[in-house]
Amino acid sequence: MAHEYGHSTTTSTTTSARRQADTSSFVIKDFIINTDDIKASGESRFFSIIGDVGAGFYLEIRTTISNVEYYYNFTTRLNQTTPTGLDSSITSANGYEGNIKFPKATTALAYTILLLAKDTNTQHVDYIEARDIDGSVDINASKGSNSLMLKKTISQVSDATLTITPISFTTATGFSSASFVSDSIIIQGTDSTGKIPFTISVTSANGSALRTNRDAFSNDFTVKSSNKTVGDQFLITGEDPFDNGQSARSTSEAVHASGGGDGVDVLITMNNAIGSPVKWAVGDRVTGNDELDDLTGVNAVTIVAISGASSNVLGLSRQITIDHGETLNFTEPYYRRWKIDDAYAAFSGLSVTSSASNVVADTSLSSFTQTTTGIDGERVIIEEVPAVEITSTPVYTIGGDRRLTLAAEANITFNNPQPLALSGDTINYHAYGVDNIRSFSGWDIEITDLVTTLTQPTTTITQIVNDSTTVRVALGHGIMDDVSTVSSPNMNKAVANPTVTNIGSYSGSTAILTLSSAQTLEVGETLTFDNAGQTITITGNIKINKSSGDAILNLDLEKFIVGTVET
């Protein structure tokens, strides 16, 4: 495992059985080589074997390509199928120094480097073991060997591609069916770069229009995690899941009949079917009469089962007196704290969205303190929970590109309580701004020189306008009423260019515009519109200080662009 990742959190020492004293023996004391990832185009690595003058060694480098084992030839500096290596000895007090030129690779490779202490009179220094965060041995960080063999590994990784993509995460108004143009940058290995220009854009569908409320900022860029699966919820001490600011799912639903039950619950039949969206669900609190309303928090009466052809037969958590014709309210429980299958790189402040829209708007990971008021009116802390609490040993995965990722189960806390429907859903973490992106993804980037440019819509007049506010145009795309202003060589703008106050009779192309001031204009005259349009282009420069595998850098358009549907 590559030493660059720095996983070692604890180091233990294992001393080999005491070797027989031999005044003629030589010791290899250290093997120094950079085990950072090698880029696909090839790379040279200096190495040094430190030890006693006269210590003999055999250095061999192996890799597997298409299920065939290859050996590095120190003379030709190429890989070959015939076993070969470097057979030599230390001849200087400074040790043996050499250079390995790893050849270009068309696929990601894993190199195994074996340093054999040659002959019976040479041995390695006693083994000092280092371990990764998951408890496994980190052979690259370990020193020495208890045998004649010392092993290191280096990965030759595929080039990394950073795709810069504009996006509307919620498909907000005006962004539906929009087209997004991305830009891609290829990074060799983990190399840093100078400033690289990029251009991305968004174009709304015909009939929709876009406007900016400011320029794009670097903090509008975000890296999103892959889907993480939400598990069970946890009740924080003192938390009432039915009093977390949520509205009732449904109200004033009439009871057709009640009765039955087995002493543990009671069955009630509702007049209406469950409906869509659903009027009730398992876990919902039931209120509507004094007895139900008095039972709160963990004692609240809830739905424990739903049956019947119309899903209108409800099993309640306890027996309760409910009369025929009573109307009931159903409230879904909301919780702040949840189990998640992976939150290894997550931290407080990351924004959160869900694929099924079950996450409350403006949600992020956040620590939370549950308090109450003491007898003297002072604030008393009941429980404090962190934003992220790792609950399992991190698991390492090496992908096909030979890059390493880690995952760990955790308990996470949200700034906003979330509905029970979130259980089983998948969520994404969003790291906004270059500092959070670096901490979250390993991509160390700088974004500068951002320019946001609106493409001005133009069209021509299709019917003469004689001192009128009504203007017929050949194309209505990208015009936003009460926002777009219009200009032309013959425009009587008085104090300012008139504003489009209404867009009517939009045919998918032609339209009838109403302007804020009367105009006299000719057929075929060209009109140009400001303040809104169909296409917005964002340009800038990005500098990459460190990459970490393929990644998508999203620009959240909803942060600075507003869309409308004009038809």
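View 1. Let's start with D290, which is found in helix α1, a stretch covering residues 290-294. Keep in mind that everything here comes from a predicted model.

View 2. Is N541 buried or exposed? N541 has a relative accessibility of 18%, and the cut-off for buried is under 20%, so N541 counts as buried. Now look for the partner of its side chain: the side chains of N541 and D449 are joined by a polar contact of 2.8 Å.

**View 3. L450 and N541, apart in sequence.** How far apart are L450 and N541 in sequence, and how far in space? Count along the chain and 91 residues separate them, yet from C-alpha to C-alpha the distance is 7.1 Å. L450 is buried too, with a relative accessible area of 19%, while N541 is buried at 18%.

**View 4. A cis peptide bond at P277.** This close-up is about the link from S276 to P277. Is that peptide bond cis or trans? It is cis, and its omega angle is near 0 degrees. To find P277, go to the loop between β21 (267-270) and β22 (285-287).

**View 5. R77 and its positive phi.** Next up is R77, sitting in the loop between β5 (68-72) and β6 (79-80). Check the backbone here: phi of R77 is positive, near 60 degrees, and R77 is not a glycine. As for cover, R77 has a relative accessible area of 32%, so it is described as partly exposed.

**View 6. D362, another positive phi.** Which loop holds D362? It's the one between β27 (351-354) and β28 (368-373). D362 isn't a glycine either, but its phi is positive, at about 60 degrees. Is D362 buried or exposed? With 71% relative accessibility, D362 counts as exposed, whereas R77 in the previous view is partly exposed at 32%.

Conventions: Residues numbered from 1 in each chain as written. Predicted model: local features only at pLDDT ≥ 70, side-chain atom pairs only at ≥ 80, totals over all residues. Heavy atoms only, no water. Helix = DSSP H or I, 4+ residues; strand = E, 2+ residues; numbered from the N terminus. Buried < 20%, exposed > 50% of the residue type's maximum accessible area, 1.4 Å probe, protein only. Polar contact = N/O pair within 3.5 Å; in protein donor to acceptor, adjacent residues only side chain to side chain.
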